[in-house]
Amino acid sequence: MNTGMDFKNRLFEYFAIVARALSSPKRLEIIDVLCHGERTVETLAKEVAITLANASRHLQILKASHLVEARREGTFIYYRLADDCIKDFWFSLRELGRRRIAETEQLINAFFKSRDELEPVDRNELLERLKTGRAILIDVRPKEEYLSGHIPGAISIPIKELESRLKELPCDVEIVAYCRGPYCVFSVEAVNILRKNGFSARRLREGIHEWRSLGLPLER
């Protein structure tokens, strides 16, 4: 390495390796899922709606860029983020996209506002309603995410189980559903299912990421 320019060229080429690894929408979606805990290749393929072969290919690219790590357990291979700073980077990139690309905000508003017949519940209203017994809270994320940390008092009913477990829910109080964060659609789907079955339901405006970021308590 003879000059300062040689040093900079090499350095920025290494940075570009990471940038290229993150240039695929599906790889970003995989990163988003892994922010909430490790997954097998099979589970990731289902969650991001791609074939097993494609999931494996994307994961190998992310692994080669040192963004994810893998471990074997029996016949399964589990993937996780290589470092918590990747999670912080992803949330920052997501916020940057929302701030700088107008179509992002328009898409988000169009999707959620068209589905929110009632104003979403914010954390202050939720805490007050839970305290007075005027609402119950359900966590519609996958069970393993609930076990890793959830809002105190929340009942775990993963979105895939909700319709088969409606009899467990009371009909005389409002049901508030929450999921991963502002772009997760599980709570939207949950509210739709609940209302179709005669329940009074709203979604929590914040997700588990925002709850944790505010320093609010979690149960495990």
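Reader: How many helices and strands are there in the chain?

Author: This is a predicted model, and its chain holds ten helices and seven strands. The C-alpha trace spans about 75 × 45 × 30 Å along its principal axes.

Reader: What share of the residues is buried?

Author: Of the 220 residues in the chain, 41% are buried. The accessible surface comes to about 12,800 Å², and carbon and sulfur atoms account for 55% of that.

Reader: What part of the contacts joins residues 24 or more positions apart?

Author: Among contacts with a separation of 6 or more, 63% are between residues 24 or more positions apart.

Reader: How far apart are the mean positions of the positive and negative charges?

Author: The chain has 36 positive and 33 negative charges, and their mean positions are 2 Å apart.

Reader: How should I read a helix, taking H1 as the case?

Author: An α-helix has 3.6 residues a turn, so residues three or four places apart point the same way. Helix H1 covers residues 4–21, which is 18 residues. From first C-alpha to last, H1 reaches 26 Å, close to the 26 Å expected at 1.5 Å a residue.

Reader: Which residue caps the N-terminal end of H1?

Author: Thr3 does, with a side-chain oxygen 3.3 Å from the backbone nitrogen of Met5.

Reader: What can phi tell me about a residue?

Author: Most residues other than glycine have a negative phi. Ala49 is not a glycine, yet has a positive phi of about 60 degrees. His66 is not a glycine either, and its phi is positive at about 65 degrees.

Reader: Where do Ala49 and His66 lie?

Author: Ala49 is in the loop between helix H3 (41–47) and helix H4 (52–64). His66 is in the loop between H4 and strand S2 (68–73).

Reader: Is Ala49 buried or exposed, and is His66 buried or exposed?

Author: The cut-off for exposed is over 50% relative accessible area. Ala49 has 62% relative accessibility, so Ala49 counts as exposed. His66 has 64%, so His66 counts as exposed too.

Reader: Where is Phe199 found, and is Phe199 buried or exposed?

Author: Phe199 is found in the loop between helix H9 (186–196) and strand S7 (201–203). Buried means under 20%; Phe199 has a relative accessible area of 9%, so Phe199 is buried.

Reader: Which residues is Phe199 in contact with, leaving aside neighbours within four places in sequence?

Author: Phe199 is in contact with Leu166, Leu169, Pro170, Cys171, Ile175 and Leu194.

Reader: How far is Phe199 from Asp83?

Author: In sequence they are 116 residues apart, and in space 41 Å, C-alpha to C-alpha.

Terms used: Residues are numbered from 1 along each chain as its sequence is written. This is a predicted model: local features need pLDDT of at least 70, side-chain atom pairs count only at pLDDT 80 or more; totals for chains, interfaces and linings use all residues. Side-chain values use heavy atoms; hydrogens and water are left out. Helices (H or I, at least four residues) and strands (E, at least two) are DSSP runs, numbered from the N terminus. Buried means under 20% relative accessible area, exposed over 50%, partly exposed in between (1.4 Å probe, protein chains only). Contact means heavy atoms within 4.5 Å. Accessible areas come from the Shrake-Rupley method with a 1.4 Å probe; for residues, only the protein chains shown count as cover. Lys and Arg count as positive and Asp and Glu as negative; His and the chain ends are not counted. The place of a charge is taken as NZ of Lys, CZ of Arg, CG of Asp or CD of Glu. The expected span of a helix is 1.5 Å times one less than its number of residues. A polar contact is a pair of N or O atoms within 3.5 Å; within protein, one must be able to donate a hydrogen and the other to accept it, and residues adjacent in sequence count only if both atoms are side-chain atoms.
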